[in-house]
Amino acid sequence: ANLIRPHEVAARLNVSRRTAYNLISSGQLPSVRIGDKSLRVDEQDLNEYIESRPVEPRGDNAELASQ
């Protein structure tokens, strides 16, 4: 398994580190604890999380999608 750090999760999701930690602590994004302090997320779990999220059109694309 390819395990990545929460700050890498945040970068992939384009969210803050706090949001990444909230996703992990809420159980929305599975994680494993390594030692006393280190958290890691399996990259496959992150990919599945990304694929499961609905995508909302923004900006000019939102107008095109509603036509």
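The points below comment on a predicted model of a single chain.

1. Basis of the note. Because the model is predicted, local features are reported only where pLDDT is at least 70 and side-chain atom pairs only at pLDDT 80 or more, whereas totals for chains, interfaces and linings use all residues. Residues are numbered from 1 along each chain as its sequence is written, and side-chain values use heavy atoms, with hydrogens and water left out.

2. Overall architecture. The chain holds four helices and three strands, which follow one another from the N terminus as β-α-α-β-β-α-α; helices (H or I, at least four residues) and strands (E, at least two) are DSSP runs, numbered from the N terminus. Of the 67 residues, 19% are buried, where buried means under 20% relative accessible area, exposed over 50% and partly exposed in between, with a 1.4 Å probe and protein chains only. Among contacts (heavy atoms within 4.5 Å) between residues at least 6 apart in sequence, 46% join residues at least 24 apart.

3. Packing of α1 on α2. Helix α1 (residues 6-13) and helix α2 (residues 17-25) pack at about 105°, with 8 Å between their axes, and are therefore roughly perpendicular to each other, a label given to angles of 65 to 115 degrees. On the α1 side the contact is made by Pro 6, His 7, Val 9, Ala 10 and Leu 13, and on the α2 side by Arg 17, Ala 20, Tyr 21, Leu 23 and Ile 24. By class, this contact has eight nonpolar residues, one polar and one charged.

4. Leu 23. This residue of helix α2 counts as buried because its relative accessibility is 9%. Not counting residues up to four places away in sequence, Leu 23 touches Leu 13, Gln 28, Leu 29 and Tyr 49, while its C-alpha atom is 9.9 Å from that of Val 9, 14 residues apart along the chain.

5. The salt bridge. A search of the whole structure finds one salt bridge, that is, a side-chain nitrogen of Lys or Arg within 4 Å of a carboxyl oxygen of Asp or Glu. Arg 12 pairs in this way with Glu 43, their closest N and O atoms being 3.1 Å apart; the pair links helix α1 to helix α3 (residues 43-52), across 31 residues. Arg 12 counts as partly exposed at 39% relative accessibility, as does Glu 43 at 25%.

6. Arg 40. Located in strand β3 (residues 38-42), Arg 40 is buried yet has no salt bridge, and the nearest side chain of opposite charge, Glu 8, is 6.3 Å away. Beyond residues up to four places away in sequence, Arg 40 touches Leu 3, Ile 4, Arg 5, Ser 31, Val 32 and Ile 34.

Note on methods
Axes fitted to C-alpha atoms, helices over the stretch in contact; angles between N-to-C directions. Parallel < 35°, antiparallel > 145°, perpendicular 65-115°, else oblique. Nonpolar A, V, L, I, M, F, W, Y, C, P; charged D, E, K, R; others polar. Lys, Arg positive; Asp, Glu negative; His and termini not counted.
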